[in-house]
Each structure stands twice: as structure tokens, then as C-alpha cells.
Amino acid sequence: MRLRRLPWPLVVLVAAFFVPALGSRFYTFVANDVAIWALFATSLNLMVGYTGLVSFGHAAYFGIGAYTTGLLMKKAGVSFLLAFPAAGLLAGAFALVFGFFCVRLTRIYFAMLTLAFAQIVWAICFKWNEVTGGEQGMPEIPYPSFDWMEGLAAVVPLVGGYRTSEYFYFLTLVLVAACLWLLHRIVDSPFGRMLTAIRENAERAEFIGINVRRYELAAFVLAGGFAGLAGGLFGIFNRGVFPDFVYWTKSSEVLIMTLLGGMGSFHGPSLGALVLILLNQQIVSYTEYWPLVLGTILVVLLFGFPGGLAGAAGALWTRAAGRFRRA
Amino acid sequence: MLDPSFLFAQSLSGLTAAMFLFLIASGLSLVFGVLRVLNFAHGTFYMLGAYSAYQIVLWIGPGPGTFWVAALGAALGIAVLGGLIERLLFRHLYGKEELYHLLFTYALVLILSDAAKILWGTQQKSVSRPPGLAGAFTLFGVTVPYYNLFILLLGPAIALGFWFMLQRTRVGRFIRAAALDRETLGTLGVNVSGLYTGVFVLASFLGGLGGALVTPVRTIVPGMDTEIIVEAFVVVVIGGLGSFWGTFLGALIYGQVLSFGILLFPRFSIFSVFALMAAVLILRPWGLLGRPLK
């Protein structure tokens, strides 16, 4: 099929650049939200989907990233250029320390320890008023400066005249696309194949000479680092950083997203982020009981479509393509 | 600061909190021990138990026995709910990956806690102490409400009763056997599937009872479920997932760490509890009194 050959991620990215041109601030807001969560969910999938490590505390790294960027930009006046990578580095550093202990455990104990570490981070963010703002969080994180864009607009046509939030959206798109591309390179590399081998059978992987723990730790750190980058973006996008970014329910939200989209495919989690956020926006305009709807979707998914949306769509596609060929 | 009666008061309040936690965590631990499932919804059963007790009190109106009827009724109601969920839904997920179990029980959290919001709104609710236990007495200069004394006695009583059931009765033997080897037990002619339902019902009963009994001392609010469940996780992890006395010990430690943590580091008492959980998982993943999983 010709359609399959299209570079779909690129098509989506280009299309996403035209969202502000639709003229609605709301669409841009939603698209920005989706882009950030897509990165967050994909980073989790590096662990859950590719390596087979079920983390129940991934929000910790997202939150660390958000607090890092927020603190640096708001309190220290550091430029985004430094504050953004710092989010990834610090989250990755925490992931290295926490992961060091986590990968020594298996299955449910692994999940419990990731949860415990995430709750430790949450408790600190929640109570350390002087630094994190405690329960009230840290409102009014500044946007990065886009003055240079205005300067650029004098030379290059079509890049000027947007609102700050729209510039930030473009920036998010570029950064998220770059991160996703990197993640894709990672899972497609020999290193990524090793992770899959560990997921399929850790014992065999050990026998053929893979240092399973070290690989798992590497996946843990990478996933944490990218989650931190997503968090760094989210704090600015959300115009504030709050302790519930780190609470354990956030970790399960991103797990649901990953599962909804499909853990078996690279773009599944991004699809999950898109569908879940759009659905949320639609449903909250009718009812305040979004969790009820989400829970029901989750139950249907678990019983009906364990492969997630990407799995279901793939199966439909194969079936349709088969019929087409026969006809 | 080292006034003995003050320390006594602190440890007593920690002990009371521990007894509540034990009630809740014992059900969680039981389900994990037998079904190998960590039930996130257990905290929601606790919350629903609290709301149900409030509702029943409202229906019956004040009276000497109202509270007790409400507590028992709420616990039974939650037990039925748990049984239905296990029979109709949960059993289809046995044998699947742990992630599915965790997410299914989390879906239950979302659905049931929203259902509670629909039924009871978001306003705080409270239930007054049963008339027979409304007063207080003084012990070593510390005022102890009779109701707290009742909880302090009830916790160990339930622990002993539970232990007796597990160790000395036929059903208890089956439960322990199911925890060790489900298939062998099935080939010996025991109805394992029914046993699983029974275990789930019993655990839900304990969760609901915990929620109902907590109403006179804590206000009922949305979100109490996601809060208590992580506390219960801490307790079962410290004591050992699936270990019965471990859960009791875990609850005692949790209560003391929390109430003395508030004294020593007022801001970081929650922190110390999770740090303890992480430390136990790192040093002894199977918990203080648990046994390593094969």
C-alpha cells in the first residue's frame, strides 16, 4: 500500500505547525498539551513497552523536570536554553540513583519501589515550602523569551506576529519532535533490541551475555531523562508547577495513556495521549465526571483491546488490506 | 519535649492510627497473598465503607445501636460489592500480566470514587461517636476517648481472630494452601475459584469495616481513598506482602514513625514513612516478616 510509505510522523509534525493558523487559541492549547504528554508517555513506554519494566512512579521524573525548569526560570532567572536541558539532566540523575535500587527488584517489588521513590519526591515537593512552594506550588513560571523570533521575523517572512503562547507551542513541537526522533533511534538501535530481548526473556538475555541490570538501568535513566524534559515543558505550558504533578495518580494516568495507545508500537503512546486528551476536552464539556468515563474506557480496553488503539487499528488495517488484495 | 505523658500521648495516637491501618492493610495483604494481585481499589472500598456508614446512620436516625448497625451494614455492603466485582470482572484477568491487574484495580478507583462523588457530593461528611463510647478517661495524664480504647482493643482482637481462622480452621488451611500452590489445591478437589471469591469478599469486608469505623474520628472526604491506599501499601511492604503478622507489625511501625516523625521533623513525617518503605524494599524486598517469593 502506498499510504503506508508516507513518512507519517513528519506529516503529523508539519500539520501540527498549522494548528495556530486555525485561529483558535483553544486548539493550540490542546495541541500543546498533547505534544508534551506524547513525549511523557513515550518515555514511559521505553520502560514498560520495550523493556518490560512496569513503573508506577514515572511522574517523579516528570515532576523533577517541571520543578527544575520552573525554579531555574522563575527564581534564578536562568534562560530556557539552559533550564530545559537541566530538567532532563536532573531527572536523569535522580533516575540513575532511584533506578540503581529499583532494577535490583523484580515485578511487583519493582513497581512498589518506583512508587515509594515517587512518593518521597512528592512528599518533598509538597512540604518544602521555601523552595517548591509546598502545597500551593509555584505559579507564574515565565515563558521563554521570544524576542529573537521577532528579530528573525524582520528577515524571514511568516515567522512573526504570533502570541507568546503560540511561539511556545512551536518550540514545544520542535523539541518534542527532536526527543521522539531520538527515542526512536534508541529503540531501533542494537541497544533498543537488547531491551526488547530483556523484556521477552531476561534469563536468556543474561545467558547470551547481556548485563541485564545495566541495560535496565540505562532504560530507566533514559526514560526518566525524557520524562524530565516533558515535565520541563509542561511546567511552562501550565504556567505553574504543583505537587500533584508528582502524586502517584499522575503516574497511573500516563500508564493509562500508554496502554490506551498501545505499548507494542512506538507511536502508540503518542496516539494514546492525543485520544485521551481530546476525549477529556470533549467529555468535560458535558460532565464533570471524567474519571468515571476514563475508568470505564480503561475497563473496556483491558477486556476488549489489550493491544490498545494502535493494536486494534493495526489489526483492522491488516484485515482491510487483505480484503483489498483479494478483491 | 521529653515529658513522658506527652510521649505517651504521641505513641497512643500512633497506636490508634496503626489499628485502623491494620484493618485496611490486612485485607490488601490477604488478597495479595492469595490472589497475587495488588488491589488499588482497596482504599476505595474503605472510602465507600465510610460513606455507606454515614448513609445508614442518616437513614436510621440517632439511637444507641445505630452506629454499630451502620458499621456492620456498611462492611457487609462493601463485601457484596467486592464479591460482585471479583465474580463478574476481576476473575477474567487472572493469569494475565500484573500491569493489567494494577490498571484494572485503578480503573475501579476512578469509577467507584466518582460514583461516590455522584451519590454524596464533595462536601465533607462526619459521623458522631456511638453514644456508649462518647466519653473519655484519663490515663497517665492523657485524655483517651473511649472510642479510641475500643479501636485499640478491636485491632488485636481482629488480628487474633483472623490468625485463628487462618491457622486453625479448614477454610484457613485452604487459603494458606492457595497462597502456596493454587493448582495442586485444585487437583485435590478444593473449589479454588470459590475460595478466591471468598478471600476477595473477606478483604472487601475488612476494608469496608475499616472505613465505617474510622468515621467518628476522621471526616469523610473525596480523595481519602487514594491517600489511604498508599499508606496501606507502605504498611504491607514494610511488614511483607502477604504476611499476616507482618502487616500487623508494619501498621505498628507506621503509626509510631508517623506520630514521632511529626515530633522530630514536623515537615517531613510523610517523607520518613515513604523513606522507610523504600529502605525496606531495598534491603529486604519481601518485608520484615515475609518470605521471598519463588
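Of the contacts in chain A between residues at least 6 apart in sequence, 77% join residues at least 24 apart. The model is predicted. For chain B, the corresponding share is 76%, again among contacts between residues at least 6 apart and again for partners at least 24 apart.

Chain A contains 16 helices and 2 strands. Its C-alpha atoms occupy a box of roughly 55 × 55 × 45 Å along the principal axes. The radius of gyration of chain A is 20 Å. A compact globule of 327 residues would have a value near 20 Å, so chain A agrees with that expectation. Buried residues account for 48% of the 327 residues in chain A.

Chain B contains 11 helices and 2 strands. The order along the sequence is α-α-α-α-β-β-α-α-α-α-α-α-α. The C-alpha atoms of chain B fill a box of roughly 60 × 50 × 35 Å, taken along the principal axes. For 294 residues, a compact globule would have a radius of gyration near 19 Å. Chain B has 19 Å, and therefore agrees. Of the 294 residues in chain B, 51% are buried.

The two chains meet in a contact that takes 31 residues from chain B and 32 residues from chain A. On the chain B side, helix 4 (98-120), helix 9 and helix 11 (269-283) each supply at least two residues. Helix 4 of chain B gives the most, with 13 residues. By class, the chain B side that touches chain A divides into 25 nonpolar, 3 polar and 3 charged residues.

Helix 9 of chain B also packs within its own chain. Two packed helices are described by the angle between their axes and the distance between the axes. The axes of helix 9 and helix 10 (residues 244-264) of chain B come within 7 Å. They cross at roughly 120°. Helix 9 and helix 10 of chain B are therefore oblique to each other. Their crossing is right-handed. Helix 9 of chain B contributes Val234(B), Val235(B), Val236(B), Ile238(B) and Gly239(B) to the contact. From helix 10 of chain B come Gly246(B), Thr247(B), Leu249(B), Gly250(B), Ala251(B), Ile253(B) and Tyr254(B). This contact has 8 nonpolar, 4 polar and no charged residues.

Pro222(B) lies in the loop between helix 8 (192-214) and helix 9 (224-239) of chain B. Pro222(B) has 17 C-beta neighbours inside 10 Å. A residue is buried at 20 or more such neighbours and exposed at 12 or fewer. Pro222(B) therefore counts as partly exposed. Leaving aside residues up to four places away in sequence, Pro222(B) touches Ser113(B), Ala116(B), Lys117(B) and Thr122(B).

Methods: Residues numbered from 1 in each chain as written. Chains lettered and ligands numbered in written order. Predicted model: local features only at pLDDT ≥ 70, side-chain atom pairs only at ≥ 80, totals over all residues. Helix = DSSP H or I, 4+ residues; strand = E, 2+ residues; numbered from the N terminus. Contact = placed C-beta atoms within 7 Å. Rg over C-alpha atoms; globule rule 2.2 N^0.38 Å. Nonpolar A, V, L, I, M, F, W, Y, C, P; charged D, E, K, R; others polar. Axes fitted to C-alpha atoms, helices over the stretch in contact; angles between N-to-C directions. Parallel < 35°, antiparallel > 145°, perpendicular 65-115°, else oblique. Left-handed = near helix turned anticlockwise from the far one by under 90°.
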